[in-house]
Amino acid sequence: MHLLIPFAAPQSEAAREAARTLALPQLGALLARLLPQARDDGDEWSLSPPHERALSQSFGWTGADGLLPWAARSAAADGIDVGHRAWGLLTPAHWHLGTDQVSLLDPAGLVLDDTASRTFLAAVQDLFTEEGYSLHYGAATRWYAAHESLAALPTASLDRVIGRNVDRWLGKDPAARRIRRLQSEVQMRLYTHPLNDQRIANGLLPVNSFWLSGCGVAQPVVHADVLVDDRLRAPALAEDWAGWFKAWETLDAGPIATLRLAAKTNEAVRITLCGECASATFASGPRSLMQSFKSRFAAPAWLPLLETL
């Protein structure tokens, strides 16, 4: 049993303040029974966030920062024959023009249905096909592009960009410059699209661009026995720390409590906690008598651990 938790410790001071008031008795008791197994230290500017790096490592994948083939895996799950081509995930999005930056809003806020998404894809498809890309529809917020240039194009995860200045994450190599040009052309094409006028009239955000991520050629999954519980993701990205606080409490009382019970019955368990910079994995294993004694009486130090992630 392996539980992986993204966004366990966001970097903002407001999040840290929220974490300091948390009560996570099940997590504390679980960590007291486990041993440190692995740690992946990085920084908040990596293209691939810690939870994606940890999950890809558990799959047995290889790849540099920003070059983990999530698009190919997702496309295959959506029923697309990915073969040996290089794929990228195109996420229809709303780019918000602020006073000093352009930020990408969470695509979940678009409330985009299948019919509207297909209409927008059809409106911009020729822009891509003229450049040699093959476009495929997966779901309302998942379009896919296949092109040889995507085999070695590092891109920032959507989880890195939501709510942030897109310029910091766009990249500057020739293939990335082509994507930037396509983003501009898509913006111009969709700016006057009647469906966006209708969406605005109905109080919905217009779809005015896209984000490319997860590029690469599909890799086989060696180990797939990982449960990813991402209930902390939405409130963390929205900086809703009251919601994040509540999600942590339900996570502690649910899956973490289940994992603790399994550990008490000597089942092999692992937990990976992921922040914005680092991840840490703890696993069951042989313990010395002193370790077992200390774990029964020492106060669990889960808060200092979260603050290092």
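Visitor: Which residues point one way from strand S3, and which the other way?
Guide: Ala 86, Gly 88, Leu 90 and Pro 92 point one way, whereas Trp 87, Leu 89, Thr 91 and Ala 93 point the other way. In a regular strand, side chains alternate between the two faces of the sheet. This is a predicted model, in which local features need pLDDT of at least 70 and side-chain atom pairs count only at pLDDT 80 or more, while totals for chains, interfaces and linings use all residues. Side-chain values use heavy atoms, leaving out hydrogens and water, and residues are numbered from 1 along each chain as its sequence is written.

Visitor: What makes S3 mostly covered?
Guide: Buried means under 20% relative accessible area, exposed over 50%, and partly exposed in between (1.4 Å probe, protein chains only). In S3 (residues 86-93), 8 of its 8 residues are buried. A strand here is a DSSP run of E with at least two residues, numbered from the N terminus.

Visitor: How do you know that S3 and S8 pair?
Guide: Two strands pair if DSSP finds at least two bridges between them. S3 and S8 (residues 209-217) have 7 bridges, in the antiparallel sense, and therefore pair. One of the bridges joins Pro 92 to Phe 210 of S8.

Visitor: What makes S3 and S7 a pair?
Guide: They are joined by 4 bridges, so they also meet the requirement of at least two. S3 and S7 (residues 142-146) run antiparallel, and Trp 87 has Ala 146 of S7 as its bridge partner.

Visitor: Why is Ser 213 called buried?
Guide: Ser 213, in strand S8, has 7% relative accessibility and therefore counts as buried. Beyond neighbours within four places in sequence, its contacts (heavy atoms within 4.5 Å) include Gly 88 and Leu 89.
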